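The report below describes selected helix contacts, an aromatic pair and a sheet. Please consult the sequence and the structure alongside the text.

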Amino acid sequence: MNSSYLSTLLEQYNVDDPRVVHGRALRTAAADRYLCHHLITNYSKSPDLLPYSSRLFFTQIPSPNVVSWTSLISAHSASPAAIRHFVSMLRHPTLPNSRTLASILRTCAALLCYPFGLSLHALSVKLGLSAEMFTGSALLDFYFKCRSVNDALKLFDEMPERDEVYYSASIVGLASNTRPLEALSVFAEMRKGGIGSTMYSISGALKAASEMATLEQCGIIHAHSVITGFYQNVVVASALIDGYGKSGLSSEARRVFDENLQIMNIVGWNSMMSGYAQQGDIRSVTELFHMMEGRGLVPDEYTFLAILSACNNSVNSVEDIEQWIARMKSMYGLEPRVEHYNCLISAMARAGRLEDAHNLTTSMPFEPDAAVWRSLLVACRHQRDADKIKMIVKRLLELNPSDDSAYIIASNALSSAGKWDEVAALRRRMKDRQVRKEVGQSWVETQGKVHVFLAGDWRHSRRGEIYARLDELMAAIKQLGYDPVFDEAHHHESVDEEERKEKLLHHSEKLAAAFGLLEGVTPPGKVLRIVKNLRICRDCHQVFKYLSIAVGREIIVRDVNRYHRFSDGACTCRDFW
């Protein structure tokens, strides 16, 4: 059977069901290799029909070639069966082509089958196929999905010619592996080299920008998406909404949302609602929810997570969260997951209902994860309940003995309660297990450039000015009544007070603020935006409240937990985070 005859069959009969074409071909005795390839591919799109059909058609091929084997392997993509068929092909023997390797590499990426993927890379080099477009991009995707980022970057650097497919795979891979600065750097290199953009490279760059909450980068990529014609692509538009939302500019996110309303799917709606939720804007979240219902869209578990997060970040109404969970179950048949329960547990703990929160933690239909226990731990720190602190720390470290954040939060919580012996024991345990605290970083974006600071950082070209400005600012807030909060400095009671003050003074977020308040960095009156990769400490939180008075401007700090909006000496988190 030639391809024109098969095309005629497909035009005459309903191709949504491959059995129609199959039956017609059998009646005309027209079952050749080409048709079998086509039927294997089409049956693979019908999961209920796949198990018996693809192998059946393959056995009917008199002399299967590499295309035959590739069709069979692709039909079982993301299944161990694909690997079995690939091995059978090699034993046949038939050598793979670039499409075969691309298909089996996608399977290895989906199954996280790292050793077999390494063997495939070696085979692709031996066959001279590693630089082929299909193989090369699949290899990049494999390494990134297996979290082998350095191997992926090495492969990318060794590519003799890099096109938009390679760049897209690298940008998305870096962004997905929490390497946002590198992802943005590769995106900038792609544009500088005149390589065309794709919806994947643009959305990947936006994902990186949103992770760093870099507002100016979002704006630059936004303009690029308009120029390249991708602005009205639903994937790019949703990524833009997420980027602006995570940068704290919900008004700009809403503008993108409204301009692309006709193409928005549930992902875009949820992104917009999540942006409002981070700001604790429950009114806007519920307004969007009712709009969604009015348009006939069915909310999913992420929709309700945005609503519950908004409640938790705003009025902290336990009753409201309970009502939304009940609505989620009764009206939409959605079972709450551990993330939904965590919102309720956090709200209960924040309202002082620590016993209720603990009871819910142990009775909910899930094993509580680390996020749930951390919510309780923060509440115990506020109430200085040393017994519960020790119990929760035990549970956290049972989940992950190398969880650096558990040690740090627990150490701070116990030091707040004056339990120095327990603090010392925790530190010894941390040292014995060789647990290293994640390095705190804070950054400020200005004029399209991101300035990153570590604690006690002297690497910046304007370091002299930064430290001098910090001294000025600290002197100004002391006049307003600021006193250092020592219980969050990692210390023992024997540590010299001056040393403790020095460590507190040079936290990364304070240095970022001092830089942002230098002349010519952030225009007067403009909101100062700082992002931190860890939780903001209580002393820095206190400093920013006083700074908002001293410099007469709004300061926004996005830490790993939430947004803190400082204005006139107060923070939107109401000192609980």
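## Helices α14 and α15

In this predicted model, residues L215, C218, G219, H222 and S225 of α14 are in contact with V236, L240, G243 and Y244 of α15. Sorted by class, the residues of this contact comprise five nonpolar, four polar and no charged.

Helix α14 covers residues 215-227 and helix α15 covers residues 234-246; their axes come within 10 Å and cross at roughly 160°. Because angles over 145 degrees count as roughly antiparallel, α14 and α15 are therefore roughly antiparallel to each other. The crossing of α14 past α15 is left-handed.

## Helices α18 and α19

Helix α18 (residues 282-294) and helix α19 (residues 301-313) have axes that come within 9 Å and cross at roughly 155°. With this angle, α18 is roughly antiparallel to α19, and the crossing of the two helices is left-handed.

On the α18 side, the contact is made by I282, V285, F289 and M292, while α19 contributes T303, F304, A306, I307, A310 and C311. The contact of α18 with α19 has nine nonpolar residues, one polar residue and no charged residues.

## Helices α21 and α22

Helix α21 (residues 338-350) packs against helix α22 (residues 354-363) at an angle of about 160°, and the axes are 7 Å apart. The two helices, α21 and α22, are therefore roughly antiparallel to each other. Their crossing is left-handed.

The residues that make the contact are Y341, L344, I345, M348 and A349 in α21, together with L354, D356, A357, L360 and T361 in α22. By class, the contact of α21 with α22 has eight nonpolar residues, one polar and one charged.

## An aromatic pair

A search of the whole structure finds 15 aromatic pairs. One of them is formed by Y114 and F142: the ring centres are 5.8 Å apart and the planes lie at 15°, so the pair is stacked.

The pair links distant parts of the chain, as Y114 belongs to helix α8 (residues 114-126) and F142 to helix α9 (residues 133-145), with the two residues 28 apart.

Strands of a sheet pair through backbone hydrogen bonds, in either the parallel or the antiparallel sense. Here, six strands form an open sheet with mixed pairing, in the order β2-β1-β3-β4-β5-β6. Its edge strands are β2 (449-454) and β6 (570-571), each of which pairs on one side only.

Within the sheet, strand β1 (residues 441-446) runs antiparallel to strand β3 (residues 528-532), and two bridges join them. Residue S442 stands opposite K532 of β3.

## Hairpins of the sheet

Strand β4 (residues 555-558) pairs with strand β5 (residues 563-567) in the antiparallel sense over four bridges. The bridge partner of R558 is Y563 in β5. These strands, β4 and β5, form a hairpin with four residues between them.

Strand β5 also pairs with β6, in the antiparallel sense and over two bridges. The bridge partner of F566 is C571 in β6. The hairpin of β5 and β6 has two residues between the strands, and D568 in this hairpin takes a positive phi near 50°.

Definitions and conventions. Residues are numbered from 1 along each chain as its sequence is written. This is a predicted model: local features need pLDDT of at least 70, side-chain atom pairs count only at pLDDT 80 or more; totals for chains, interfaces and linings use all residues. Side-chain values use heavy atoms; hydrogens and water are left out. Two strands pair if DSSP finds at least two bridges between them. Axes are lines fitted to C-alpha atoms, for helices over the stretch in contact, and angles run from 0 to 180 degrees between N-to-C directions. Angles under 35 degrees count as roughly parallel, over 145 as roughly antiparallel, 65 to 115 as roughly perpendicular and the rest as oblique. A crossing is left-handed if the near helix is turned anticlockwise from the far one by less than a right angle, and right-handed if clockwise. Contact means heavy atoms within 4.5 Å. Ala, Val, Leu, Ile, Met, Phe, Trp, Tyr, Cys and Pro count as nonpolar, Asp, Glu, Lys and Arg as charged, and the others, Gly among them, as polar. Rings of Phe, Tyr and Trp (its six-membered ring) pair if their centres lie within 6.5 Å; planes under 30 degrees apart count as stacked, over 60 as edge-to-face and the rest as tilted.
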